[in-house]
Amino acid sequence: MLCDESLSSRSNALEDSFFHQMDKALLELLKEQAASEKRRQRVAEASGIKDEKVLEHLIALDLGDDTIAALSLIPLIEVAWADGKLQDAERAALLSAAIDSGLEPGSVSYRLFESWLSDPPHPQLLETWKEYIAALCRDMKVELKNALQEDLLGRAEAIAKAAGGILGLGNKVAVSEKQVLDELKSAFT
């Protein structure tokens, strides 16, 4: 009987140790999942990208939040400055369109976008963006590349329509904005 009690006691100790390790592993898994969800939320907020598969892909590449913000904001700002000037009514429409396309007022991305509305971007910015998109898309699955293109250029087109439709007259997308949209699109091929 003494042997049975000792064995039973050791059995309980073994089970306690096993379940302690299991609890510890599960706790770590929960922490990793929470950190992953926070990262996904930060990336979504920084970029305005809504497609979950695209977000997962960008996160898997371990791109920085600033890189992702630039990736998504540069097309918007390039379209905004397509004609070389930005009037107050356009600025207001662009900020509204930026919110509609997923940028949260007060977020870092929104403040960055807002600051870019004060001065036109350096011409090299678009070239650098196009080179980056081409490299990013090189090994990307076609459906992910298409989703990224649709998301980024869809928001840029919304900006173009907002800027071109200020007075509600004529074509919603100006010729200069259409040219920038076409140049942005060329980076994905």
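# A walk among the helices

Visitor: In which helix does A135 lie?
Guide: This model is predicted: local features need pLDDT of at least 70, side-chain atom pairs count only at pLDDT 80 or more, and totals for chains, interfaces and linings use all residues. Residues are numbered from 1 along each chain as its sequence is written, and side-chain values use heavy atoms, with hydrogens and water left out. Helices (DSSP runs of H or I, at least four residues) and strands (E, at least two) are numbered from the N terminus. A135 belongs to helix α6.

Visitor: How far apart in space are A135 and F188?
Guide: In sequence, 53 residues separate A135 and F188. From C-alpha to C-alpha, the distance is 9.3 Å.

Visitor: Is K130 buried or exposed?
Guide: K130 also sits in helix α6, which covers residues 123-138. Contact means heavy atoms within 4.5 Å. Setting aside neighbours within four places in sequence, K130 contacts E183 and A187. Its relative accessible area is 17%, so K130 is buried.

Visitor: How many helices does the protein chain have?
Guide: Along the sequence, the pattern reads α-α-α-α-α-α-α-α. The protein chain has zero strands, and its helices number eight.

Visitor: What share of the protein chain's contacts with a separation of 6 or more joins residues 24 or more positions apart?
Guide: The protein chain has 189 residues, of which 37% count as buried. Among contacts with a separation of 6 or more, the share from residues 24 or more positions apart is 71%.

Visitor: How far apart are the end C-alpha atoms of helix α3?
Guide: The expected span is 1.5 Å times one less than the number of residues. Helix α3 (residues 65-80) has 16 residues, so it should span 22 Å. That agrees with the distance in the model, 22 Å.

Visitor: At which residue does α3 bend?
Guide: A bend is the angle between axes fitted to the seven residues ending at a residue and the seven starting there. In α3 that angle is about 35°, and a proline, P75, follows within four residues. The bend is at L73.

Visitor: How many of the residues of α3 are buried?
Guide: The buried residues of α3 include I68, L71, I74 and P75. The helix is mostly covered, and of its 16 residues the buried number 12.

Visitor: What arc holds the buried residues of α8?
Guide: In α8, E177, V180, L181 and L184 are buried. Seen down the axis, they line one face of the helix, because they fall within an arc (taken from the directions from the helix axis to the C-beta atoms) of 100°.

Visitor: How many residues make up the largest nonpolar core?
Guide: A nonpolar core is a set of buried Ala, Val, Leu, Ile, Met, Phe, Trp, Tyr and Cys residues joined through side-chain atoms within 4.5 Å. F113, W129, L148 and L184 have the most contacts inside the largest one. Its residues number 48.

Visitor: In which loop is D62 found?
Guide: D62 is exposed, with a relative accessible area of 62%. Although not a glycine, D62 has a positive phi of about 60°. Its loop is the one between α2 and α3.

How values were computed: Buried < 20%, exposed > 50% of the residue type's maximum accessible area, 1.4 Å probe, protein only.
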